Amino acid sequence: DPLPRNVNFLSADILRIDPEKKTVETSITTLRYDFLIGAMGCRVAPEEVEGLAEPMGKDGVHTFYTLEGAVAMRAALERMTSGRLVNANRVLTAMAQEKCVNVVADFAAESVDAAAKTLRSFDGRTLEYDLLCAIPPNVGPQVIDDSELGDGTGYALTDPRTLKSRKADFIYFLGDNTNV
């Protein structure tokens with residue numbers, strides 16, 4: 001209803017962007033463009049960390065990057081009165097240090113063992129936790145890489161000053177699907 005009458009709204013999956021032909025192939029039709037503005041966002045990818053996806057939202061492993069995750073994490077935090085809280089956020093880290101909470105910095109998570117309640121880093125360190133508040137890796141839309149416009153992780157190669165695609169003319173990317 002809020003769209004102007006001359007706007008043709010199409011709800012479809014984007015399958016491929018062809019910069020040479022200036023077309024976008026969707027699950028419904030193929031569209032031509034003069035200029036294309038891509039704002040497809042990104043998604044959390046807990047599957048990129050071994051053992052993180054399965055216990056997410058339960059078993060003491062939570063994220064606030066989704067609505068469901070934030071609600072579940074809030075409830076877990078309210079129940080927690082003591083123990084080990086692991087969180088990789090700079091703002092929370094500064095607050096924790098002010099309260100004399102031990103902070104382990106530069107911990108790149110490689111895997112999670114929910115049964116043992118441990119988090120392992122790529123450099124071999126292991127942390128025990130009672131509550132893990134994870135920021136899973138993010139990845140951009142696969143269609144960006146499939147269309148040869150991305151960096152291999154689904155993020156569009158974009159000029160940070162203009163948001164123009166570095167791989168094609170007449171294409172601009174904004175928001176969380178850029179490598180900016």
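**Salt bridges, a pocket and surface residues**

Arg120 is partly exposed because its relative accessibility is 39%. Buried means under 20% relative accessible area, exposed over 50%, and partly exposed in between (1.4 Å probe, protein chains only). The model is predicted: local features need pLDDT of at least 70, side-chain atom pairs count only at pLDDT 80 or more, and totals for chains, interfaces and linings use all residues. Residues are numbered from 1 along each chain as its sequence is written, and side-chain values use heavy atoms, with hydrogens and water left out.

The structure contains seven salt bridges (a side-chain nitrogen of Lys or Arg within 4 Å of a carboxyl oxygen of Asp or Glu). One of them joins the side chains of Arg120 and Glu110, at 4.0 Å from N to O. Arg120 belongs to strand S9 (residues 118–121) and Glu110 to strand S8 (residues 109–113), so this pair ties together parts that are ten residues apart in sequence. Strands (E, at least two residues) and helices (H or I, at least four) are DSSP runs, numbered from the N terminus. Glu110 has a relative accessibility of 29% and therefore counts as partly exposed.

Arg161 and Asp159 meet through their side chains at 3.2 Å, N to O. Arg161 counts as exposed, with 72% relative accessibility. Lys164 is partly exposed, at 24% relative accessible area.

The second largest pocket has a volume of about 290 Å³. A pocket is an open set of points on a 1 Å grid over the protein atoms alone, where a 1.4 Å probe fits, with protein on both sides within 12 Å along at least five of seven lines; lining residues have an atom within 4 Å of a point. Points are joined across faces, edges and corners, and the volume is the space filled by probe spheres set on them. The lining of the second largest pocket consists of 14 residues. Leu10, Ile14, Val24, Thr26 and Leu31 lie nearest the pocket centre. S1, strand S2 (23–26) and strand S4 (36–38) are the elements that give two or more residues to this lining. The largest share, three residues, comes from S4. Eleven lining residues are nonpolar, three are polar and none is charged. Here Ala, Val, Leu, Ile, Met, Phe, Trp, Tyr, Cys and Pro count as nonpolar, Asp, Glu, Lys and Arg as charged, and the others, Gly among them, as polar.

On the surface, Leu3, Val7 and Phe9 form a nonpolar patch. Together they have about 310 Å² of accessible area (Shrake-Rupley method, 1.4 Å probe, with only the protein chains shown counting as cover for residues). Residues in such a patch have over 30% relative accessible area and no salt bridge, and their nonpolar side chains are joined within 5 Å. Phe9 sits in the segment before strand S1 (14–18). Phe9 counts as exposed because its relative accessibility is 61%.

Lys22 has a phi of about 55°. Lys22 lies in the loop between S1 and S2. Its relative accessibility is 18%, so Lys22 counts as buried. Glu148 has a phi of about 60°. Glu148 is placed in the loop between helix H3 (142–146) and strand S13 (171–173). With 60% relative accessibility, Glu148 counts as exposed.

C-alpha distances place several residues in space. Glu148 and Arg125 are 23 residues apart in sequence, and their C-alpha atoms are 37 Å apart. Arg125 lies in the loop between S9 and strand S10 (126–128). Arg125 is partly exposed, at 31% relative accessible area. Arg32 belongs to strand S3 (residues 30–32). Arg32 is exposed, because its relative accessible area is 62%. Its C-alpha atom is separated by 9.5 Å from that of Asp18, 14 residues away along the chain. Lys58 is located in the loop between strand S5 (43–44) and strand S6 (61–62). Lys58 is partly exposed, with 40% relative accessible area. Lys58 and Thr126 are 68 residues apart along the chain, with 21 Å between their C-alpha atoms.

Definitions and conventions
Patch = residues over 30% accessible without salt bridge, like charges linked within 9 Å, V, L, I, M, F, W, Y side chains within 5 Å.
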